[in-house]
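Below is a short report on a protein model. Look at the structure first, then read on.

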Amino acid sequence: MGWPRPVRAVPLRHHGPVADTQPYRPRKRGYESAKDMLWSLIPIVIAVVAFVYFCGPGEDQVTTVDPQGDISSAAREVDYPLVAPAVLGDQWQATSAVLLRDDDDRVTGLSIGYLTPDGATGRYVISSGDRDAVLDRALANAEIVNDPDGEPVQLGGLTWVPVSSSGGRAMVAEGEGFVAVVSGTAAYAELRELAGSVQPAK
């Protein structure tokens, strides 16, 4: 009796693609490919672009105020005849109005900020006190370059003296118990327009 012959393994023949029987497993966090990260960023980019397009800032908006209430309050409180800008064109925009007070919280004057028609800044300050102190306050402690910086001019019933400083131009007028200053980055032409608009406050 002989030994049985060994059985030769016959290779299987594939008649088509073999189906992947392994279940889908998402990549673990931290093992994503660059392509995966790129695709995940697309919705975020689209959302940001849409927000900027529909809700983003447009043209610069200027916040304006009505200074008349502070003008009336100052006129009642100060002990001198208050004068303030009254007749300015529509292109002049008041951007701030503040009552000025001393250390005892008494109203001594008024400060009104403007955006001029040329897009520069202008400021009107009136207060009791000496000329240098009021001018220094109006110019926010800027260094005086020339005082005077030209010939005085008569505007709005007051004599205005041009002054130049490291912070811009100014014009100063002294009245009965007060000093008034117009200042800012505006040209003298616009400062003269601002100074010429002052009238006794009601």
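Is Ala140 buried or exposed? Ala140 is exposed, because its relative accessible area is 57%, and exposed means over 50%, buried under 20% and partly exposed in between (1.4 Å probe, protein chains only).

The model is predicted, so local features need pLDDT of at least 70 and side-chain atom pairs count only at pLDDT 80 or more, while totals for chains, interfaces and linings use all residues. Residues are numbered from 1 along each chain as its sequence is written, and side-chain values use heavy atoms, with hydrogens and water left out.

**Backbone**

Ala140 lies in the loop between α3 (131-138) and β5; helices (H or I, at least four residues) and strands (E, at least two) are DSSP runs, numbered from the N terminus. Asn141 is placed in the loop between α3 and β5, and it counts as exposed at 60% relative accessibility. Most residues other than glycine have a negative phi, and most peptide bonds are trans. The table gives two residues that have a positive phi although neither is a glycine.

| Residue | Phi |
|---|---|
| Ala140 | about 55° |
| Asn141 | about 65° |

The peptide bond from Asp147 to Pro148 is cis, with omega near 10°. Pro148 lies in the loop between β5 (144-146) and β6 (153-155).

**Aromatic pairs**

Rings of Phe, Tyr and Trp (its six-membered ring) pair if their centres lie within 6.5 Å; planes under 30 degrees apart count as stacked, over 60 as edge-to-face and the rest as tilted. The count by this rule is two aromatic pairs. Tyr80 and Phe178 form a tilted pair, 5.6 Å centre to centre with 35° between the planes. Tyr80 and Phe178 are both buried. The rings of Trp92 and Tyr114 have centres 5.9 Å apart and planes at 85°, so this pair is edge-to-face. Trp92 lies in the loop between β1 and β2 (93-101) and Tyr114 in strand β3 (residues 107-115), so the pair ties together parts 22 residues apart in sequence.

**A buried charge**

Glu190 is located in helix α4 (residues 188-196). Glu190 is buried and has no salt bridge, which would be a side-chain nitrogen of Lys or Arg within 4 Å of a carboxyl oxygen of Asp or Glu. The nearest side chain of opposite charge is Arg169, 8.1 Å away; Lys and Arg count as positive and Asp and Glu as negative, and His and the chain ends are not counted.
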